[in-house]
Amino acid sequence: MEVSAKPLEFRGAGGEYFGIWIVNLLLCIVTLGIYIPWARVRTRRYFHRNTVLDGHSFDYVADPKRLLIGYLIVGAFFIIYMVSGAINPLLALPIILVFWLALPWLRYKSARFYASNSTYRNLRFRFDGTLGEAYTAYLGFPLLAMVTLGLLSPYASFKGKEYYLGHFSFGSFHSTFTGKPGWFFKVLYLLAFGGIVGIAVVVGIFVTVAASYSSGAPHHHAGHAEVVPSVSVIILTLAVYGGMFLLLGLWLVLSKNYCWNHLVVNPGPSEIAFRSQLKVGKYLWIVLSNIVLTVLTVGLFAPFAAVRLYKYRVTSLSITGGAALDDAMAVISSEPNAIGDSASDLFDFEFGL
Amino acid sequence: MSTFRARFYDGVRAIARDASVTFDLEARRAEIWVDGESPRRVAFADLRIEPPLGRTARRVWIDAIAHAEIEDSAAFREVEKIVSPQGWMRLVSAAEAHKGAIAGSFVLLILVAVFMLRVGLPAMARSVAFKLPQSTLDSVGDQTLKSLDRLVLKPSELPLSRQEELRKKFDALAGRVPGLPKYRIEFRSHFGSPNAFALPSGTIILTDEIVKFAKSDNEIFAVLGHELGHVQNRHGMRLILQQTGVLLAVSFFLGDISGSLSSFGALPIALVESGYSRAFEQEADDFAVIFCLRSGIGTRSLTSLFARLLKTHPDELPAWFSSHPNLSARIERIEKVRRESGAGTN
């Protein structure tokens, strides 16, 4: 049996994806958004097909027409939310509540649709978590976390990952999440502590600076008086966003690595394991420089940015025990529908994969 | 007759088997030879070749579940033209790799974006703003005032008696002009800048600085007339809607809609900070001229105030650079509107 780790490869290129991106973007606009599902499928397909493991590529085989219905429903819902939110945030509250209650269902649907439309070696993946488990993981435990004022939110986070990652299958092989809640408590508590210390430092500096300004010269020119508060507001905003970016980035990288490294497929003598070796510094550098370059190029860098980040994520991952995959056999199952996937796309869910 | 090396995936087992695919262009059918098995023969009509995608291997589906993967090549593309020539997705696929089509898409995208920003979005914002009920405008205005009070405005230091006097006098003037929108006058202090702004609800904020800057009450009323023009034309609501549209579009293309939700709170601030477009200011000026003439205070109050603002607060940027029309241009325009409206000297 083969034990050596096999890395994932990515064979796409930013320049090549640029053409796909810009043509599909234009089609989305001239069709007033009707083309979005086709563009979405084509993009996913490009990334899947260029992801290669052991000489075989992945694929995405979703039918855009099925996605379209989901997009229309979710899009209408989203527009109602945005408009009512702009008019009066109170109006948006019942919509947020409905959305919140529907969220576990959407995530469940999304996971099923995404899995069954993703293929490797022409075999579909499957997601076989139940709806009841989805509500426990995505509504029950988050509620418990809220009731305990966030103290149990690491446990809710653990439960979410356990539900999502523990229910994939490829042929007759099932995935198991072997992570432990202890890790989530340790890391999330440390990050929260770091966040609180960071806020205290920023507020401390801000108060000191503000105090020194207000005791300063009494006669400001009309223009200058306006400049002082807006400059300090900008610095404060930057500090808060910078801190949030750092903490979120840390969590993203640490949790991605941890989750991949505690994912086992087909547990037993011929099990398949993963090794993710994302580096926090490099990951944050890619994300940050992507944002800066995308803004500077008025969005034109976006396709290069997407390829760059995806490539780093994929090539940081390797697999051991992949030889067992040859024994996988297709399992016949009914195809789930697409509404959840459209929702996850619009609202940009993070599943940690 | 052309033959290609292929990898055959049967869709049942997770293995690839070496194969060859022969396209018989005369019999219009393909023969798929998987090693060790008797050949599968499929008519071109039952074959599905997916359009190219980047440089990825081409997928030839021989039925609903099994496909062969063939490396993309010029020879394969020749055969493909004969086997499955139609389909709009093939056009999309060709455009994605065609330099001219990519450049064309780029130019078209910029044109569409400029058109949407300059024409489409303002027109949509206008039609939506005029369809919204007064109660909506009220709640948006109240919230805007609350955030302004929290962030940029300070309480007025004018004596309450003076505030009441100005309100009463203006109400009397407004009574002479039919068809005015609902309004309410508020006094605030704003970092020493003589300013006035209208909220979507019809609340007009006068800063202490503009009240002190005015040489006569009529100058203040002329400014209020201008702000009533903003209220009448729902400029505040239109600006908020336009900015929401831009924000939505930007976040959609950058793929982060969740981020835009959190920046909603900042919108009312942008209303005051970024100011109105040239067209909005001109519309409000036109309204102010009519207000001044009908109420009998005359347009000179308006132009004299602008003329003095021009002296003490010269426009820092020329009009072509800033979105705000400069004051001297506005004074000239006001004179013109007054003459055209057939009024005598005032």
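Predicted model: local features only at pLDDT ≥ 70, side-chain atom pairs only at ≥ 80, totals over all residues.
Local features are given where pLDDT is at least 70, side-chain atom pairs count only at pLDDT 80 or more, and totals for chains, interfaces and linings use all residues. Residues are numbered from 1 along each chain as its sequence is written, while chains are lettered from A and ligands numbered from 1 in the order in which they are written.

**Chain B**

Chain B has 13 helices and eleven strands; these are DSSP runs numbered from the N terminus, with at least four residues (H or I) for a helix and at least two (E) for a strand. Of its 346 residues, 32% are buried. Buried means 20 or more other C-beta atoms within 10 Å of the residue's own, exposed means 12 or fewer, and partly exposed lies in between, with C-beta atoms placed from the backbone. Two residues are in contact if these C-beta atoms lie within 7 Å. Among contacts in chain B with a separation of 6 or more, 59% join residues 24 or more positions apart.

Axes are lines fitted to C-alpha atoms over the stretch in contact, and angles run from 0 to 180 degrees between N-to-C directions.

| Pair | Angle | Axis distance |
|---|---|---|
| H1(A) and H3(B) | about 40° | 9 Å |
| H12(B) and H13(B) | about 165° | 9 Å |

Angles under 35 degrees count as roughly parallel, over 145 as roughly antiparallel, 65 to 115 as roughly perpendicular and the rest as oblique. H12(B) is therefore roughly antiparallel to H13(B). The contact of these two helices includes Leu302(B) and Phe306(B) of H12(B) and Ile331(B) and Ile334(B) of H13(B). Its residues divide into eight nonpolar, two polar and two charged. Here Ala, Val, Leu, Ile, Met, Phe, Trp, Tyr, Cys and Pro count as nonpolar, Asp, Glu, Lys and Arg as charged, and the others, Gly among them, as polar.

Within H12(B), Ser301(B), Leu302(B), Thr303(B) and Leu305(B) are buried. Their cover includes helices H7, H11 and H13 of chain B.

**Asp24(B)**

Asp24(B) belongs to strand E2 (residues 17–24) of chain B. Asp24(B) counts as partly exposed because it has 14 C-beta neighbours inside 10 Å. Leaving out residues up to four places away in sequence, Asp24(B) touches Met1(B), Arg29(B) and Glu31(B).
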